[in-house]
Amino acid sequence: MKKKILILTTSLVLMLSASYAKSTSRPIPKYVSTVFANDFSAARDIRWESYNGYYKASFDDMGKTVYAFYTADADFMGIATHLSADKLPVALRSMLSEKYEDYWITDLYQITISTTPGFLITIENADRKIMLKAEAGECWSLYSEVKKADL
């Protein structure tokens, strides 16, 4: 179970960062869109993207953009929504300001994988771009770090 959650978390983190992954123009299989339609029957303005081994559906849910992720076998992986920095829990915000005081937030998502909530954040400064994740709102862990010269 732990291994499955770790794999799903890693997959979702990879999917969320458009700056690290490129979509392709592969058509979305009917069985994937059918499962999505059953899971999110109230979804409006659905846009699909395919990546290497998974699919992302972006859609409107009561005025909020939501992202749902599915494997190539139509297994539901998790959901994500954009979050403004002021909605981040105080403890996580404090940890950021202590360790990464010279960085700014460029992306912040609230994610749910299975029933485990968490956050995924991209921060950067002039030299580096860092992705951190916090599962169950606990503490930040490094997911990836890239020197901007390497981008």
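These legends describe close-up views of a predicted model.

**View 1**

**View 2. Aromatic pairs around Phe36.**
The structure holds 10 aromatic pairs. A pair of aromatic rings is described by the distance of the centres and the angle of the planes. For Phe36 and Trp48 the ring centres are 5.3 Å apart and the planes stand at 75°; the pair is therefore edge-to-face. This pair links distant parts of the chain, with Phe36 in helix α2 (residues 30–39) and Trp48 in strand β1 (residues 44–51), 12 residues apart. Phe36 has a relative accessibility of 2%, under the 20% limit, and so counts as buried. Trp48 has a relative accessible area of 25%, which lies between 20% and 50%, so Trp48 is partly exposed.
Phe36 also forms an edge-to-face pair with Phe59, at 5.2 Å centre to centre and 70° between the planes. Here too the pair links distant parts of the chain: Phe36 belongs to helix α2 and Phe59 to strand β2 (residues 54–61), 23 residues apart. Phe36 and Phe59 are both buried. Ring pairs join Phe36, Phe40, Trp48, Phe59, Tyr70 and Phe76 into a cluster.

Five bridges pair β3 with β4 in the antiparallel sense. Tyr70 stands opposite Phe76 in β4, and both residues belong to the ring cluster that includes Phe36. The hairpin of β3 and β4 has four residues between the strands, and Ala74 in the turn has a positive phi of about 70°. Strands β4 and β5 run antiparallel and are joined by four bridges. The bridge partner of Ala80 is Ile111 in β5.

**View 3. Strand β7 and its two partners.**
Strands β6 and β7 pair in the antiparallel sense over seven bridges. Phe119 stands opposite Ala134 in β7. The β6 and β7 hairpin has three residues between the strands. Strand β7 (residues 128–135) also pairs with β8 in the antiparallel sense, over six bridges. The bridge partners in β8 include Glu145 for Ile130 and Val146 for Lys129. Five residues lie between the strands in the hairpin of β7 and β8, where Ala136 takes a positive phi near 60°. Strand β7 is mostly covered, with six of its eight residues buried.

**View 4. Asp127 in the loop between β6 and β7.**
Asp127 lies in the loop between β6 and β7. The relative accessibility of Asp127 is 54%, over the 50% limit, and so Asp127 counts as exposed. Asp127 and Lys148 are 21 residues apart in sequence, but their C-alpha atoms are 5.4 Å apart in space. Leaving aside neighbours within four places in sequence, Asp127 is in contact with Val146, Lys147 and Lys148.

The largest nonpolar core has 14 residues. The residues with the most contacts inside this core are Leu88, Leu96, Tyr100, Ile121, Ile123, Leu132 and Trp140. Elements α3, β6 and β7 each give two or more residues to this core. Leaving aside neighbours within four places in sequence, Ile121 is in contact with Leu96, Ile105, Asp107, Leu108, Ile130, Met131, Leu132 and Trp140. A second, separate core has 11 residues, among them Tyr67, Phe69, Met77 and Ile111. Ile111 is also the bridge partner of Ala80.

Key: Residues are numbered from 1 along each chain as its sequence is written. This is a predicted model: local features need pLDDT of at least 70, side-chain atom pairs count only at pLDDT 80 or more; totals for chains, interfaces and linings use all residues. Side-chain values use heavy atoms; hydrogens and water are left out. Rings of Phe, Tyr and Trp (its six-membered ring) pair if their centres lie within 6.5 Å; planes under 30 degrees apart count as stacked, over 60 as edge-to-face and the rest as tilted. Buried means under 20% relative accessible area, exposed over 50%, partly exposed in between (1.4 Å probe, protein chains only). Two strands pair if DSSP finds at least two bridges between them. Contact means heavy atoms within 4.5 Å. A nonpolar core is a set of buried Ala, Val, Leu, Ile, Met, Phe, Trp, Tyr and Cys residues joined through side-chain atoms within 4.5 Å.
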